Structure formats: structure tokens, C-alpha cells
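Hi everyone, thanks for making time.

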Amino acid sequence: MRPNHIYHVFPLGALKERNSAGFKNIRELTNLIPHLQDLRMDSILLGPIFKSETHGYDVTDMYQLDPRLGNNEDLKQMVRDFHEAGFHVFFDAVWNHSSRHHFAYRDLREKGRNSPYAGWYRNIQFDKPNLCGDSFTVDCWAGFQELPAFNLKNPDVERELIHCAEYWMDEFSIDGIRIDAAQDMDLGFLRHLADACHRKRADFWMMGEVVFGDPQQWLSAGLNSVTNYQTYKSCWSSLNDGNMFELAYNLNQLFDDKGGSCKGARLQLFNENHDVSRIYSVLKDKGDNYLQHLLFYTLPGVPTLYYGEEYALDAKKGGCDDWNLRPPMSCLNHGKSPAGQENLLSVIRHLAAVRLDSNALRDGGYQQEFVHSKQIAFWRTHQSCDALVLANHQDSPVQFEIDLKKHYGVRGTIAANWKDLLNPQNKFIVQKGKLTIQIPAKWGCILVPSDTH
């Protein structure tokens, strides 16, 4: 089992009743199944769903569905329904920290030095009160003292969290996890966690949230994937600045077939998630949203679409909280996109189908063909057939001549006839080893030999 196209939902936002303090039951997410099938999704990633104080990342009980969303039987049924429809189901695992109301921290607050959980939290200082009124201080996530950090080098903590992982696998039959704040976690712990999960189920998918740092550190610890923030940033930034060299540099560093640090890895591709502004809000030229998604569906990795992205939802990070990034599904304007983006859903549907039907786009390597300030071309290499992606950011069409001998070598076999996977009726004839093609304004093409399926 491995995901090829993931839909990311934040249940504590998506299931909130509009203009109400109430929530819909977790089983309501199964209403998404026809929509996700239409988008050729094979997996759903749920944001934090276990009992918490507020937003899900302040967990109080890792074994019980948040009562705002129902109970464990509801969750089991939801997973069964998605499995029966052919989907993988992934949970968000908040194991770097807890809330102050987690049983271990609560016991520590009551008993202080005499608590059997005194070693469960990182760098405890009993003579230093914290800002929350506790008589001691521990390390916390990102400076938020409401989120005390676990001491992951403590064997008892390790056993508890691995037990939690095994419980989720047994009780809910999930197919994988997103590990929140993985970049802050002890690599030794992550290695032991990955070993335990993969012993139990070899194809269990483990993706770590990593914002900064070389992804290879976490892949070497046994994780299957990490969040690819580098490519996320360089893609939209290249469009905003008219500088495709930024994207090209990032892709070469990570994925180049000869020297990329993560060549062959399946990092998580995303344009949006619950922590960043919506891509429609980020792009200076809203019309670039189409080219943004063309690149998204042709780059190496595992594309993950965040709910509402397919409707060009507009929301910026930076307020007093992030709930605007995690809205009720009823706020998605009934599936209507803003002016100028009316066709986005159908374009995403088409791009997803093209990607998933192409071995090269789905699983291939990466080689740069050329880069200019407003154009980029790259090969997605695969033993069955390579695909050439060309993207044009200019406001007008651009014509290029591609010397295929450069890619295939003087002795390589070059097909005489080529087609564009985005528009298969468009045919191109090779003359003297070269392809001449006009790239549409603010769009691109995906070229393969005509006999390629």
C-alpha cells in the first residue's frame, strides 16, 4: 500500500456547524466519497481527531475520538466505509507533546517530584514556575506552555506512544499516520516507532511533518515520507517573482536523477494545509492558480489536496488563530469558485487523471531540460517511458525547439511522433531529432511518444 493522491481534511474545522458551537458526526465525512472518487483520490488524511482542549493538537486522550465528533464506534464505521470505497485512511499523530490535561501531566501537576510521570516531559525544572500557573516548567512546543513536550528518550514514554500506534492499527484498522512536529522529535524514537509499526504492517505509511532541514534525516529514520515545504515555497514564489530558477534549483537539489538528496523518495507535495495561507490567497496573479496546479501534478512526490483548495478558497494566515484556514465544509460556497477560477475543479480533475495514468509522472525520476525566468522544462524519467513537462509563465505563447538528442543521446532511440497528454489530439513530429512546440500562455504541456498510454 502506498498513496498516490491524498485528500487532507481538518475535521474539527470541516465538521463544525456553520454559525453554531456544534459539530457534525465524524461519519459525515463519508459524504465526500463520491467527490473524492471523481478527483481520483485514493487516500484521506484526517487532521487531529482525538480528545483535546481546543484545536486537536492539545491532546488530552489519545485513545478516544473527540466527543465533539462522536465516539470510537463512529470512527470505526467511518474508516470501514472509506475502506469499502477503496480508500486508505491516515490519522494525524500528535505524539511530540500533549495538553496540560493529559493524564501524565495532570498527575505531575498534582504530585510534583513524587509523580511517576516526572520523567515523561522534557527538561523539567521543579524550581521554576511556568506561565500557566504550574509550580514547574518543562520544554514545550514552539514556546506554547499549554503544549508540554514529551521526553521521547524516556523508555516508558516510548512504550506508551508505540502502544498508542498499535492500538490505532488494531482498533481502527488505519493505513498510516502523519506525525505532527516530527522535526522536533528525537530521531531515535522515530526510528523505534517506524520499526514497530512496520513490523506490525510492512506497508504502513508514515509521513513526518518537517518544515526545515534535510528530509533525508527523517527518511533514514524509517519514515516513508516527509512534508516537502521546500518545493511548496519555491513553486508559488517562482510564480510570484517571475523566477523559475528558484523552483529549478530546489528540484535539482532534491530530485535530480544523478545527485538529488532525495532522488527516488516520495515526499508529500502540497499547495496548502491547515497551517499556511490558501494558495489562491498567496498568488499575486490569481490566474496563476492553473499553472500552479499544473506544476503540482507533474512534480515528484505524493500530491495532497487540502479541502477547499479545488474551489480556490481564499484565506490568509496571520490572524489571532488559524480557524479561517480550517473552515466548515458548508462555507465552501456550495462548491462554487471565485470569478476567474470557475474551471479549477475540472482542471484539477483532469490533471490528477493524467498524472495517475502516467508511470513517469506518478513514479518517475527528475532531470531538468532547461530553465528561464518564466519557463521551465523537465523530464520525468521512467523505464517504461519518459515524459517531458514544459511550463510557460508568460502572458503570451512561447515557441521552443527541444533537441531530443540531448536527452536520449546520439545512439538513443527517438520516437518520430509525440503527443501532449493534456491534449492528446495535439500531435508533434520530430525532425532531425528536434521537436518544435508552442507552449500556451500561463499553461504548459506534457509530451510523450504517441504510442504511450
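Before that, a quick heads-up: what you're looking at is a predicted model.

Okay, the eight-stranded sheet. It's an open sheet with parallel pairing, and the strands go in the order E8-E7-E6-E5-E2-E1-E10-E9. Which strands sit at the edges? Those are E8, residues 225–226, and E9, residues 268–270, and each of them pairs on one side only. Three bridges link E9 to E10, residues 302–306, and the two pair in the parallel sense. If you want one to look for, Gln 268 has Val 302 in E10 as its bridge partner. There's also a helix here: H11, residues 289–296, packs on this sheet and touches both E9 and E10. The direction of H11 makes about 145 degrees with that of E10.

Now the other sheet. This one is open too, with six strands ordered E11-E12-E13-E18-E15-E16, but the pairing is antiparallel. At its edges you'll find E11, 367–371, and E16, 423–429; each has a single partner strand, so one side of each has no neighbour in the sheet. On average, neighbouring strands here are turned by 25 degrees against each other, ignoring direction. Helix H9, residues 244–255, packs on this sheet, touching E11 and E12, and its direction is at about 165 degrees to that of E11. Over at E16, four bridges join that strand to E15, residues 417–420, and the two run antiparallel. One of the bridge pairs is Asn 417 with Ile 429 in E16.

On to the helices. How do H3 and H5 pack? H3 covers residues 72–84 and H5 covers 155–172; their axes are 10 Å apart, at an angle of about 70 degrees. So the two count as roughly perpendicular to each other. On the H3 side, the contact is made by Asn 72, Leu 75, Lys 76 and Val 79, and on the H5 side by Tyr 167, Glu 171 and Phe 172. Sort those residues by type and you get four nonpolar, one polar and two charged.

Key. Residues are numbered from 1 along each chain as its sequence is written. This is a predicted model: local features need pLDDT of at least 70, side-chain atom pairs count only at pLDDT 80 or more; totals for chains, interfaces and linings use all residues. Side-chain values use heavy atoms; hydrogens and water are left out. Axes are lines fitted to C-alpha atoms, for helices over the stretch in contact, and angles run from 0 to 180 degrees between N-to-C directions. Angles under 35 degrees count as roughly parallel, over 145 as roughly antiparallel, 65 to 115 as roughly perpendicular and the rest as oblique. Contact means heavy atoms within 4.5 Å. Ala, Val, Leu, Ile, Met, Phe, Trp, Tyr, Cys and Pro count as nonpolar, Asp, Glu, Lys and Arg as charged, and the others, Gly among them, as polar. Two strands pair if DSSP finds at least two bridges between them.
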